[in-house]
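Please keep the sequence and the model in view while reading.

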Amino acid sequence: MANRPTVFIMEAQGKAALPAIESMGRAGIRVAAGSERRFNSGFYSRYTRERYVYPSPRHRPDEFKQWLLNYLSRHKIEMLFALGHYGALVASEIQDEIRRHTLLMIPDAATFRAAYDKIPTMKTALAAGVPIPESWFPADHADGLEGVLGQIKSWPVLIKPSVGVGARGITWCHDADSVRRLYPSIVAEHGESYLQDFVPPGGMQYKVDMLVDDRQTRLAGIVYGKTRMYPPEGGSSVLNYSADRPDILDLAHRMLVQYKWTGFCDFDFVDDPRDHVAKLMEINPRFPECFNIGPSVGIDFPLMMYRMAHGQGVQPITDYPKSRFLRFLPGDLMWFLRVGNDQRFGTWPSWFRFVADDTAYQLLRAKDPGPIMGYFLENLSALFDPRLLAERLRLSSGSKTNSR
């Protein structure tokens, strides 16, 4: 048993970690998991054999780097899965050192950062011919902010930090004076920012998960829509469905070709109701929280990546079942409590449809109750951490601001 191949999966508290843990466990690969939190869903999976609590990649990145390198140097780890918004970024920065100890499948640091930051992402999309909402970059204009304000013909627009998670720092502005007043403080708090046309409600939001090899050959990809979100007006998806949108798959692939990407990547698109064009909103060079949509329809991304990293052949997956659902029940309950009756009882599919062959859950497992128990213990511990509790309830000060 001790001689079985072992992988280390970071950020076990994230919903993306559980399908990776399960994939490796089902393949007979031993799983060691790490997290900055003692209680989390990944630690309680029946497939997790070792558990490590490490310094926060977000709040103590230098200590985390040292911890990770020390851990890899002292343990025989066959492959590292660098998960998490902050964890994946930190791992990308020390990937050369990591590769001295184990296998790692992420792009080089410069390419990773170009996808992680939104301004380089938008510029890459323009170069690749991938539609985006109209965008303006004050740092590139000779006259700075005033120069781009003169180019804006319709309002509102959004101020968007180049680096951020979710909606933190994103601010609505309905006129030039609002931009002048708010832009300096956004830059001071969040770093370089840009302006982008506001895409009005009415179009479906989509995500794409895609895996390519070092020649950018598409090995697998899936498009899925955000049927319900929390907060309902625009937040993390709590119910997704696999969608039939080959056009969006092609746009995502075009971006990866432009980047000369290798490995896995996640994308956010939205259908603009004004012109019915799918437009790229951002890229996440990591597993997203709703990552289990792929494994739930038979696309085992983690195992494909494991085989790629070991130089083994990977059979491309060219199709997937459509209109299959992935539900995050705790978040969907928050959605139900927040919306009006017309949405509660008119949503597709029915909110009360709990058991169906075409529906999978993010954390609920009939034969493995540990992950949902770990999730609730994690949230119970958040009651004693005001900052974490505010983030969980989407109450943080970094949420969207509607400025008139």
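## The hairpin of β10 and β11

In this predicted model, strands β10 and β11 form a hairpin with five residues between them, and in the turn Gln 216 has a positive phi of about 65°. Strand β10, which covers residues 205-212, pairs with β11 in the antiparallel sense over seven bridges.

## The hairpin of β11 and β12

Strand β11 also pairs with strand β12 (residues 236-242), again in the antiparallel sense, over six bridges, and here Met 229 has Ser 237 of β12 as its bridge partner. This hairpin, too, has five residues between the strands, and Gly 234 takes a positive phi near 145°.

## The nonpolar cores

The largest nonpolar core has 70 residues, and the members that touch the most others are Ile 9, Phe 267, Phe 269 and Leu 280. Helix α9, which spans residues 246-259, supplies the largest share of this core, namely seven residues.

When neighbours within four places in sequence are left aside, Ile 9 is in contact with several residues, including Ala 17, Ile 21, Met 24, Val 31, Phe 81 and Leu 83. There is also a second, separate core of 19 residues, and among them are Phe 64, Leu 68, Leu 69 and Tyr 71.

Definitions and conventions. Residues numbered from 1 in each chain as written. Predicted model: local features only at pLDDT ≥ 70, side-chain atom pairs only at ≥ 80, totals over all residues. Heavy atoms only, no water. Pairing = 2+ DSSP bridges. Helix = DSSP H or I, 4+ residues; strand = E, 2+ residues; numbered from the N terminus. Core = buried A, V, L, I, M, F, W, Y, C linked by side-chain atoms within 4.5 Å. Buried < 20%, exposed > 50% of the residue type's maximum accessible area, 1.4 Å probe, protein only. Contact = heavy atoms within 4.5 Å.
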